[in-house]
Amino acid sequence: MDFALAFAQAITKGLLTGMVYGLMALGLSVIFGVMRVVNFAHGEIMVVGMYLAWLGFELAGVSPLVSLPAIALLFFAAGYALQAGLITPFINRPEHQQFLLLLAIAILLVNVCLVLAGPDARGVQSEAMFDSYAIGPLVLDAVRVHAALAAIAIAGLLWAFFTRTRTGKSIRAAADNHMSALVVGLDVRRLYAFTFGVGSACVGAAGALMITIVPVNPFLAAEYTLLAFVIVIVGGLGSMTGALLGGLLIGVSEAVAGLLLQPSLKSMFSFGLLILVLLLRPQGLFGGKAGT
Amino acid sequence: MSIVRLLIGGATPRALALLAALLAFLVAAPAFLGPYALSVAILILYFAFVGQAWNIMMGFAGQLSLGHALYAGLGGYIAAGLFFHYGIGPWVGAFVAVAVAVLAGCIVGYLGFRFSLAGVYFALLTIAFSEFTRIAFDHWTWAGGSGGLFLKVQGGVTDILNLRGGATLFYYAILILAVGAFVLCRLLLESRLGRYWLAIREDAEAAQAVGVPVFRCKMIAIAISAALTALAGVWNAFYYNNLFPETAFAMGRSIEITLAPIIGGLGTLFGPIVGAVVLTGMGELFTDLTEHLKISGLKQIFYGLALLVIVIWRPAGVWPWLAKRLGVEERGR
Amino acid sequence: MSGARLEIEALGKRFRGLRAVHDVSFAVPAGAIHALIGPNGAGKTTIFNMIAGVFPPDAGAVRLDGRPISGLRPDLVCAAGVGRTFQIVKPFKGLSVLENVTVGALHRHADLETARERAGAILDALELGDRRHQLAEALTLPDRKRLEVARALATEPTLLLLDEVMAGLRPTEVDRMVTFLRDLNARTGITVLLIEHVMRAVMALAAHVVVVSSGEKIAEGTPAEIARHQAVLDVYLGDAAGDAA
């Protein structure tokens, strides 16, 4: 019975963390879905978000959940500027040039963090860290529950944005068919900047949530970039629901692999899954459209 | 057609003179370079060599691999492991290392190309295999696990048979590898296979329609590329005398391999060499500049900025631009 | 076999349940020039792709000189003697015009120097000789169409499949291409099957015309017969009426 409980505990923990993973991957997926640009600086942007939330807490005692909207807004603006200023000229360039551009941005972001905050892990320590909710025999960390709920709320907002607002619908139209969007006169450049803004806001918000669960150091960035890739490919590159479900799947699989095997083997499972999905179902487990 | 003509056909006398001067300089270099300059030269040649190997995949055949650390890591680990455990020297070990790396390359290639993964999807497959192997090596005790594998350092002994010795030995070893790879690439490019690669890079469907066996050509590209990269790994393991999965198979290692050819000029023969000079030169310059500031990360910031400048202003690479200045352009193709 | 170079027998193809080509049969005798016409979306290019091996047919067979070639990979179909052009031209953009055609010539001549000479001769014949050192991406559309033909010819095919190589050409350029193909056919006896919308070229070149509509063959005959064929007129007038609406 002990094992069954530990198992259930691991799954719930994985599901809660997976929601935040999903939100992070959602940002990558939105950007790729619309612009077909792979954001190799995604984990780096995430880590910047984590640092900002940590800074707000250290300097002013603001909880990351409170500073989240401000961080999201700031990341939206920064993402918009980055796209409009740097990335737009690269949209129709070969993939390896886009890769080099985003790699340069990634190196800059992560090392600015390193210079400013140092290599040590920085975490948000508070009383609430140790709160928990009990559901029957299950014990859930309060911070994880809050982070997951916030992630769900943000994903809901995004869904509303993409289905209810004019700009959101235009972005989806541009994602479905670039040419026809041009034909009907959508300002594609502005939409692209907007999209990169939304994607950055997503991952910035995910960063603010993640810092409540995991302490941050600059070297996490590359890991998060890879993790986001794994999730969106498994879920279906360009698919919003796919990113969220992929996040849950990877969150749970990591937690369960950590329980059953050695924790250090947990990402082996993720990469194995990535290889299988790439080969057998490149449109992703939850994606509808073929992904090429 | 003679090999000589294949090698130098189409090159202007001016280009040949420059090339001969460069080669003479490289052969004589250890005689007058100090230890620091020699170590920089070694680094440049290493990146030129491994970049040339990667360039076969991406620059020639157009297949973006971001997991080349897999072949370098396998090569290094196998040769070092054979030497460490059984005393088998690297000249024999290299054959085993190359065989294993080629096998790994063929597995990645077979899966990627059979399932027609292209572009980013193929790149992610290569990353996944490299990361998967990294974690496997973390837990493989024969290879030392995450604690690493260390080769004994014998001060002052030069033992060419076991590739043990000082910087000069390693300089000439990597020089021979780099020159060999350059010559090999030139010969490949001037062959039917090379032209087929370029056609595949430009448009695989059109290439196949004019009779190019696309799958087979891609497989040969990844096999040759993996073999050369494995040799770089063997050299690397014996030069540094230590191996850790965290660095040998890291994504950072894979990215490092791609930078010289991208910055120098994809698909060109001199691109990886020029790129290696630019990159290593920049790296050393920024190390000097930031050394006394004692701020970790500052060097990387300069590095990132320099990359940004290059990709924005010289997206086709430094070499095509430089070649025009020198009046020695590679023939348009 | 009746001396037919190309035989298409009851060819069929479905895409996601949609019938793209259904029960199409026709033959092209060795040394002849035939045309395949029909409104947009009739399935012409799908038929070409099945001949060239881009995808296998769901039903029926393709034979070249009596030898079945359906289901072969495109490079093997090319090796069997079929050269093709693409409706949406696919030059090797980053290579020079000469190198583009050289890749084709390498198929029969492994030596690079020989292949280059062959390619040069073909370019001269197609009036692209003076552009041989330009990058293919710098060519205008009419030149790209000619490059497409040159590259296919370089593989020394016995059957040449031309997919709308006249589209986008000015009338004088169409006439030059027609003259080139007619001379080539007379000189080398190459068999040609062309998909074409430019009726002026079809009438001038083709001895025999096959008409497809909605994936099915609706008529075949000499150009003069086709011009009088009621089903063809219905399809084309219907198509024109649809375009006008």
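Trainee: Which residue of E8(C) does Leu161(C) stand opposite?

Mentor: Please bear in mind that this is a predicted model. Strand E7 (residues 159-163) of chain C pairs with strand E8 (residues 191-195) of chain C in the parallel sense, over 5 bridges. Within E8(C), the residue opposite Leu161(C) is Leu193(C).

Trainee: Which strands stand at the edges of the open sheet in chain C, each with a single partner strand?

Mentor: The open sheet has 6 strands, with mixed pairing, in the order E6-E7-E8-E3-E9-E10 (chain C). At each edge a strand has a single partner, so one of its sides is left without a neighbour in the sheet. From one strand to the next, the twist averages 20 degrees. The edge strands are E6 (82-84) and E10 (216-221) of chain C.

Trainee: What angle does the direction of helix H1 of chain C make with that of E7(C)?

Mentor: Helix H1 (residues 44-52) of chain C packs on the sheet and touches E3 (33-37), E6, E7, E8 and E9 (208-213) of chain C. Its direction and that of E7(C) make an angle of about 150 degrees.

Trainee: Which residue takes a positive phi in the hairpin of E1(C) and E2(C)?

Mentor: Strands E1 (residues 4-15) and E2 (residues 18-29) of chain C pair in the antiparallel sense over 8 bridges, and Leu6(C) has Val28(C) as its bridge partner in E2(C). The hairpin has 2 residues between the strands. The residue with a positive phi, near 45 degrees, is Arg16(C).

Trainee: Which residue in E4(C) does Glu7(C) stand opposite?

Mentor: E1(C) also pairs with strand E4 (residues 59-64) of chain C, in the antiparallel sense over 5 bridges. In E4(C), the residue opposite Glu7(C) is Arg63(C).

Trainee: Are H11(A) and H6(B) roughly parallel or roughly antiparallel to each other?

Mentor: The axes of helix H11 (residues 266-280) of chain A and helix H6 (residues 119-138) of chain B come within 9 Å and cross at roughly 150 degrees. The crossing is left-handed. An angle over 145 degrees counts as roughly antiparallel. H11(A) and H6(B) are therefore roughly antiparallel.

Trainee: How many nonpolar residues are in the contact of H11(A) with H6(B)?

Mentor: From H11(A), the residues that meet H6(B) include Phe271(A), Leu274(A) and Ile275(A), and those of H6(B) include Leu125(B), Phe129(B) and Glu131(B). The contact has 1 charged and 2 polar residues, and the nonpolar residues number 12.

Trainee: Which helix gives the most to the side of chain B that touches chain A?

Mentor: That contact takes 36 residues from chain B and 32 residues from chain A. On the side of chain B there are 27 nonpolar, 7 polar and 2 charged residues. H6, H12 (251-264) and H14 (298-313) of chain B each supply at least two residues. The helix that gives the most, with 11 residues, is H6(B).

Trainee: Which helix gives the most to the side of chain B that touches chain C?

Mentor: Here 22 residues come from chain B and 26 residues from chain C. The elements of chain B that give two or more residues are H8 (192-202) and H9 (204-209). By class, this side of chain B has 11 nonpolar, 4 polar and 7 charged residues. The helix that gives the most, with 6 residues, is H8(B).

Trainee: Is the crossing of H3(A) and H8(A) left-handed or right-handed?

Mentor: The axes of helix H3 (residues 64-87) and helix H8 (residues 188-210) of chain A come within 6 Å and cross at roughly 145 degrees. Their contact has 21 nonpolar, 7 polar and no charged residues. The crossing of H3(A) and H8(A) is right-handed.

Technical notes:
Residues numbered from 1 in each chain as written. Chains lettered and ligands numbered in written order. Predicted model: local features only at pLDDT ≥ 70, side-chain atom pairs only at ≥ 80, totals over all residues. Pairing = 2+ DSSP bridges. Helix = DSSP H or I, 4+ residues; strand = E, 2+ residues; numbered from the N terminus. Contact = placed C-beta atoms within 7 Å. Nonpolar A, V, L, I, M, F, W, Y, C, P; charged D, E, K, R; others polar. Axes fitted to C-alpha atoms, helices over the stretch in contact; angles between N-to-C directions. Parallel < 35°, antiparallel > 145°, perpendicular 65-115°, else oblique. Left-handed = near helix turned anticlockwise from the far one by under 90°.
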